[in-house]
Amino acid sequence: MSADDAPGTDAADDLNAFITRETVENDSDGPLAGKTVAVKDNISTEGIRTTCGSAMLAEYVPPYDATVVERLREAGATLVGKANMDEFGMGGTTETSAFGPVKNPVDPERVPGGSSGGSAAAVAAGEADLALGSDTGGSVRNPAAFCGVVGIKPTYGLVSRYGLVAYANSLEQIGPLANTVEDAAALLDAIAGPDERDATTRYDAAEGGAPGASDVSDDTHPADATEYAAAADGDVDGMTVGVPTELVEGADDEVVEVFEDALADLESKGVETVEVSLPSVEHAVQAYYVIAMSEASSNLARFDGVRYGTAGGEGNWNESFARSREEGFGDEVKRRILLGTYALSAGYHDKYYKKAQDARAWVKRDFDEALGEADVLATPTMPVLPPKRGESLDDPLSLYLMDANTVPVNLANLPAISVPAGEAEGLPVGLQFVGPAFGEAAIIRAGSAVEE
Amino acid sequence: MTATDEGAGSDADAGVVDPDEVRHVADLARVDLDDEEATAFAEQFADVLDYFAALDEVPEVEDEPDLVNVMRADEVRDGLSQEEALANAPDSEAGFFKGPKVS
């Protein structure tokens, strides 16, 4: 878009990328000084309403900043607004927002992907230099791929979730979006690191902390020891890239073609590609949705119309609570709360939830084995090109299947990046690299080689 | 049937969900549904639960728990003021949240 389309003009508002436009300048002279950042509207901003894309929270104004927002301020970034999103992060197209769908800047007829669709669209349209999204099953990588920008889903525990309105705690991480790998990595540098207000960011390997942490030799959080932006040097000579056949076979032909061209280009830069197998991924999407919906049914119990949310009116507590939630939640949110409640209910817990946990452990083991044979894994980020708005909303199952390549990464708590790999039919195709736990530097390096 | 009827015979198979069962789960989850929603969800749940049934094929997998208790010193620190905590409540009175009767 042209330089005339400054934020606030009609052309910019056409995309509906922001729920709230509010500029918060920053005079601190940090590494992000002069950079504008859009923040997904499920990340708390003190004094600026944070709606989660839901009518339930249309009037909610947090009394505190999320840790990542505090760190943006410290780094000197300028906030430009709160980005539109699927309601409570539930959706893959940013069509479930109570504030209306977002348009894809590449083709306004099409969805921007989701659930961080507003964040990706804001960056792709030049409305913000950088953006924060959150990724529970692909919600940063999916819109990055559909809008032709870069998105990183960090290792679980790298970035504080304090102040992120929870949907599925065991899966979600806040992640950066930007036009280049280096910019996304610089934003990751600013937000990553331990936070005493989120104990899942702790990583005290030297004190006998988390098993699996043994590859970190000191007792610091990995973010303290690495500069992610510096890793975007494009130097992939000698790197081994594993290609999981299961996650390529399911993708559309035109997507696979772009993916394979990008791999061939990497090979010309000294990368060795090897085939790897992830037999468990066949069950990953089912496991993901059972776990995510179960966690959602519990997390969203806090929206009762008493402490916050839509007031439920007359009647006893149960009636008022149920009415508040009928009025405040959209269809996809209700669907997931109900399915989660069902999966956790007596008689079904073992059939769904316990089996999903088994599948999750299996996926983790598969990834460990595959990453024993390669430095990083590569797949198409999304198996399809961005669909047109309205095409997939009525069939929840088809929407869930779109996440086949991204959700296994969240189940395994690993880091992944989506980088633009080329175009098919004039639409962007994303390439995803998956790394070992806290191996952000490797996927950033690989990603930077794709964009060269 | 209800979601707590473990031995409800063939009705307990995944994929068989009627609007009454959807309403029962909605009751448990404290979400009101209108008739139209209950009917639409029943159809969609059949598809989704049918799909989830593939989890039956998943083998039991040993999962080494990579969780560890993290403690911090139990120190008094600043929190939200009462005013801030109440600021988003639809209704409050004399420094308390005001909610409906419990029963």
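Me: At what angle do helix α1 and helix α2 of chain B pack?

Reply: Some ground rules: this is a predicted model, where local features need pLDDT of at least 70, side-chain atom pairs count only at pLDDT 80 or more, and totals for chains, interfaces and linings use all residues. Residues are numbered from 1 along each chain as its sequence is written, chains are lettered from A and ligands numbered from 1 in the order written, and side-chain values use heavy atoms, leaving out hydrogens and water. Axes are lines fitted to C-alpha atoms, for helices over the stretch in contact, with angles from 0 to 180 degrees between N-to-C directions. Helices are DSSP runs (H or I, at least four residues), numbered from the N terminus. Here α1(B), residues 19-28, and α2(B), residues 35-52, pack at about 105°, with axes 8 Å apart. They therefore count as roughly perpendicular (65 to 115 degrees).

Me: Which residues in α1(B) meet α2(B)?

Reply: Contact means heavy atoms within 4.5 Å. B:P19, B:V22 and B:R23 meet residues of α2(B), including B:F41 and B:F45.

Me: Is A:N142 buried or exposed?

Reply: Buried means under 20% relative accessible area, exposed over 50%, partly exposed in between (1.4 Å probe, protein chains only). A:N142, found in helix α4 of chain A, has 1% relative accessibility, so A:N142 counts as buried.

Me: What does A:N142 touch?

Reply: Leaving aside neighbours within four places in sequence, its contacts include A:G92, A:T381 and A:D403. A polar atom of the A:N142 side chain lies 3.3 Å from the backbone oxygen of A:G92.

Technical notes
Helix = DSSP H or I, 4+ residues; strand = E, 2+ residues; numbered from the N terminus. Parallel < 35°, antiparallel > 145°, perpendicular 65-115°, else oblique. Polar contact = N/O pair within 3.5 Å; in protein donor to acceptor, adjacent residues only side chain to side chain.
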